[in-house]
Amino acid sequence: MLPDYQYSKNLFEKYNLGLSEDVYNKFAVYADFLVEYNQNVNLTAITDGNQILIKHFLDSVLIEKYCSIPQNASLIDVGTGAGFPSVPLKLFRPDIKITLLDSLNKRITFLKLLCEKLDIQADFIHGRAEDFGRNPDFREKFDVSCARAVANLSALSEFCLPFVRKDGLFISMKGFSENIDNARNSVKILGGAFERNIDYSLENDSRRIVVIRKISHTLTKFPRNSGQIKKNPL
């Protein structure tokens, strides 16, 4: 399924990332199980081994290169889907404590089986971000929240920033086309501040990582329900 180890190692080194044989072997298990499970549950449109390596695994762990995630950080992956970016990042950085949140229980079932196969620890939440973002057990409890979702940054910020403790990070993986200045007001209202943007090329595909620092507590009225977020963006 995946290209061989030497090819994969060379690809990661091209981006100044190491790739051990042990991590590669776990990526191979991940890819095989993803494609097998995808036959019954829609998890990804990408089923070619080389594209899984690039667009799912490499892209996920590039967070490690571009963002300063503290040792032993707690990270919640909001709308994680098939586990991207948090599960590849956990394989790459075993010290990180990951929580996987998704609204579809079928995906959570897949993720539990996947983490068992990969022998990694994770917490799982089946539910909506706007519900758990108001839950005191999860609100402002994480060092990092991340999302690779397609929603605009204004909406993503309202879904993700409530999970982040003061001085923590919200890391958003975006396409290159969105004008992120449109989210400046919402980020400020939610207690965040833009720290930096990283524009990079992933095998000739333009990508962007937006790093937002949580500088003050999020007001208790946020997040609103998803209908309000979509109808009346901040």
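Good morning. I begin with one side chain: that of Tyr-200 makes a polar contact with the side chain of Asp-59, at 2.6 Å. A polar contact here is a pair of N or O atoms within 3.5 Å; within protein, one must be able to donate a hydrogen and the other to accept it, and residues adjacent in sequence count only if both atoms are side-chain atoms.

The model is predicted, so local features need pLDDT of at least 70 and side-chain atom pairs count only at pLDDT 80 or more, while totals for chains, interfaces and linings use all residues. Residues are numbered from 1 along each chain as its sequence is written, and side-chain values use heavy atoms, leaving out hydrogens and water.

Where is Tyr-200 found? Tyr-200 lies in strand E6, residues 192-202; strands are DSSP runs of at least two residues (E), helices of at least four (H or I), numbered from the N terminus. Tyr-200 is buried, with a relative accessible area of 8% (buried means under 20%, with a 1.4 Å probe and protein chains only). Leaving aside neighbours within four places in sequence, its contacts (heavy atoms within 4.5 Å) include Asp-59, Leu-62 and Tyr-66. Leu-62 is 138 residues away from Tyr-200 along the chain, yet their C-alpha atoms are separated by 9.9 Å.

I turn now to a pair of helices. Helix H2 (residues 21-37) and helix H3 (residues 49-66) pack at about 125°, with axes 11 Å apart; axes are lines fitted to C-alpha atoms over the stretch in contact, and angles run from 0 to 180 degrees between N-to-C directions. The residues making this contact include Phe-27 and Tyr-30 of H2, and Ile-52 and His-56 of H3. Thank you.

Conventions
Buried < 20%, exposed > 50% of the residue type's maximum accessible area, 1.4 Å probe, protein only.
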